[in-house]
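Here's a quick tour for anyone meeting this structure for the first time. Have a look at it, and then we'll walk through who touches whom.

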Amino acid sequence: MSGWPTFLLERCKLAGSHRLDVARANGAYDVLAKLLKDGTPPAEVIAVVKESGLRGRGGAGFPTGLKWSFMPDPARDSRPRYLAVNADESEPGTCKDRVLMEQDPHGLLEGALIAAYAMRAEAAYVYVRGEYRTSYDRLQAAIDEARAAGLVGERILGSGFSCEIHMHKGAGAYICGEETGLMESLEGKRGHPRPKPPFPAGSGLWGSPTTVNNVESIFNVPFIVAHGAAWYRTMGSEKSPGNFLCGISGHVERPGVYEAPLGISARELLEDFAGGVWKGRALKAWIPGGSSTGLLPASLIDTPMDHDSLRDAGSMFGTGAMIVLDETACVVRASEILARFYDHESCGQCSQCREGTQWLHQIFARIERGQGMADDIDTIESLARGMAPAKTICALSDAAAIPALAVVRHFRAELEAHIEQGRCPLRSAGAVAAREGVPA
Amino acid sequence: MTRIVLNGREVEADPKRPLIDACRAHGQHVPTYCYHPGLTPVGSCRICQVEVVQGEMPARVVVACRTPVVEGMVVDTEAPKAHETRRECLEFLLKNHPLDCPICDKAGECDLQDFSFAEGQGEGRTHEPRRELAKRKSLGDVIVLDQERCILCSRCVRFFEDVTKKPQLAVAERGAQSIISTFADRPLEGNYQGNIADLCPVGALTLKKFRFQARVWNLFKRASTCAECSRGCSTTVEVLRDGEVKRFRPRYNERVNKWWMCDVGRFAYDGANVPDRLAGAVVRGHSGLEHTDVADALDSVRDVLLANRARALVVSPFVTVEEGEALLALAKKIEVEPVFVSPKPNGLEDDLLHTGDPCPNRRGLEQLGFRAKSAEEVLALLGECECAVLVGERVAALIGDGLRELPAAVRLIVLDCTALDVPAVSVCLGLATYVERAGHWVNVDGLRGPLGAARRAPDGVRDTRALLADIERRLSAAEVEA
């Protein structure tokens, strides 16, 4: 199950990898030190990240180097500049950033400092999901250690480059992982996403140029700068180069976070890494990249895990967090759970999202309760089309609509059976329950 | 100015304002809820969808309130895709709306009702129970909130942030549970609370004083000017069929009050609905003040004026510029210095609208040559003369209780909306209030504001200028006879 180079999780495997001494003995901060020693022009760093083709790992897959290049020229714009590291990992099914923050916080700090150097940001803010207490504590300890070693703060390693790194703990809102919601929250306000334009590079934190990057995106940067864009492009696919961290969860034998090149088939991930569907059951459906990406039927399990292939299959790469449903899973129940999540997490600004997420939740819950109505499927479809694409300030509305549409598209018959029979056909058949002694 | 193509016509648009303003400036109607030209646009209700083509990019449907105007942009407010998106948006907005229009004060002037009629779908599709929230939550002395009707446009929240700069409201909770709330349920404060009832595009925020008072389509509306301070905010006077004033509302005026007015002015219509109006005239007889013909009363006025040489003319700051001109002529005729009573500042001044000066036409009267005198100075003046003419709405009230102390030897002629029964009064003639007569006031900045006659004065009340002309005519005739 290997045969490709791995680099993201290498240091994480060492004992005490979160400590500065262990991390530095294993290469942490070497790339930053070299950059500062050589006085590499920041534009060159941006250029190599751009050439590497690294795409953001937070869900949207936007090219990271291109995002960096949107920051205005400091010669013409005297405002302070900021980097925000999005560590508010809250997409259901996603737990990859947590591994990096807990096991290799210095790797993230080095990446953040290089990114800040490239964009000439005077400070970086790490917005950590509130529930991630270990991540927060380890990152804070790492910052303290690094500051004591002259790696964070004024005149880093004796160079002319200064960058402060601040931590911020989220308070449990999914919407604060949206980059403009995150900025509002960092500023101390409600996490209401901001309409765009203006984009963060033009007017971000406190009205200053800001770039928001996902933890894993930032984590890739030292490796790209150290080994070059060509090396990075030897991994992954042409349009989605590099390795990614795949968090596999659900009905599998070995759930976990694995490193694999983009473009690997979903089947390989499921069977070779996660040990296949658990309890010897058959695969029913899988969600490729976190709950906001539409679920796909078992028949599409050979789809390559990269941005373009998954888009062509009618879903999205998202955060690369695969959720597996076995043959006993009820897609209506699963949809109800997802719809409840978005209903709970919608910030409530936009009409479509505020009312639509609630409405979808209510309909799925009603079908699940056995009170489905004949027009429910049509209503779900037209509601979801009214919520997406791009009809609202941020993409949460889309994220709620996409899974609903995917269920109707791939599992219409099962929805209809629920509505007609007034109960879950899987339970009523009793087959699985009888086989495994689960009370129906 | 930037040139854009709007519904097939090339037009000019202000590049500093969002696209929605250009649409409106050129008469193209696009519905809005969260957008208001006086507030920071947030683009959250998503109803103002229009189709835009920019350069080579394919047509997009965007919210007009957050879209900057760009040279050469082609805009279609009536594109099928734009209509479709607006229709979808309306369905979401109505999903939890209680549809209690028959008992809602906003019905008839409700944006949600109007746009639903214009472009919504005829039938609801939801089988779900509607949100149940507080129907009559008090937000202080002025405003009641119906949380069920609220569509969370946040105009009220932004009003306190952007206009009064004293934020008091916020959106609490999240998603479909969101509600408008003050911090810890404290009551709203300040002199500008009423504006949020105007701003509310639905019937969520209503004025306690206007609740269940009138169906808005029964209100007769006339442009007018607020009387409560020298700012002279542009207003609309709204009168129910029987003539009772039910509402004062701000009328947009870029140079004076924009879209706003203060609560003191807004709720001043009790003063316009004066009880005990004097319709006609009273003169002092054997049993006190007795009703009489206006013509007889005018003869008495002439007799009093001719019989006494030490005379005075004191007018109210409510008289209009036009009435002021007629009063100047009278002053000349009876050879007195024209004076208006100028009450003390009321202490309500702020940095937004209220000036604290309760004289709506101070500037206009000063421009005509009237001298301002305090109530004390007026009383001193009256005490020294043999007879005096007091003219104008509230003139007696503004001079105050000191009038009671005047010796009966001073003969007072009072032209006011109500009769004044004090020993010194010889004659009273009834006048129209400022909601019943036309004319102009000049505000603190020298801008003229109109008064619109929103209702008829009670039968028997004659026009102020006609009364003044009659007095003058009688005096002239007496001179000829002499």
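Where chains A and B meet in this predicted model, chain B puts in 24 residues and chain A puts in 23. Which helix gives the largest share of chain B's side? That would be helix H2 of chain B (residues 80-95), with seven residues. Sort chain B's side by class and you get eight nonpolar, eight polar and eight charged residues.

Now for chain A by itself. Chain A is split into domain 1 (11-233), domain 2 (244-326) and domain 3 (331-436). The C-alpha centres of domain 1 and domain 2 of chain A sit 27 Å apart. These two domains do touch: 13 residues of domain 1 of chain A are in contact with 16 residues of domain 2 of chain A. On the domain 1 side of that contact, the classes come out as three nonpolar, five polar and five charged residues.

Next, a pair of helices in chain A. The axes of H5(A) and H7(A) come within 8 Å of each other and cross at roughly 35 degrees. The crossing is left-handed. Here is who makes the contact:

| Helix | Residue range | Residues in the contact |
|---|---|---|
| H5(A) | residues 96-103 | A:Arg98, A:Met101 and A:Glu102 |
| H7(A) | residues 133-148 | A:Thr134, A:Ser135, A:Arg138 and A:Leu139 |

What classes of residue does the contact of H5(A) with H7(A) have? Two nonpolar, two polar and three charged residues.

Note on methods:
Residues numbered from 1 in each chain as written. Chains lettered and ligands numbered in written order. Predicted model: local features only at pLDDT ≥ 70, side-chain atom pairs only at ≥ 80, totals over all residues. Axes fitted to C-alpha atoms, helices over the stretch in contact; angles between N-to-C directions. Helix = DSSP H or I, 4+ residues; strand = E, 2+ residues; numbered from the N terminus. Left-handed = near helix turned anticlockwise from the far one by under 90°. Contact = placed C-beta atoms within 7 Å. Nonpolar A, V, L, I, M, F, W, Y, C, P; charged D, E, K, R; others polar. Domains from an automatic or database assignment.
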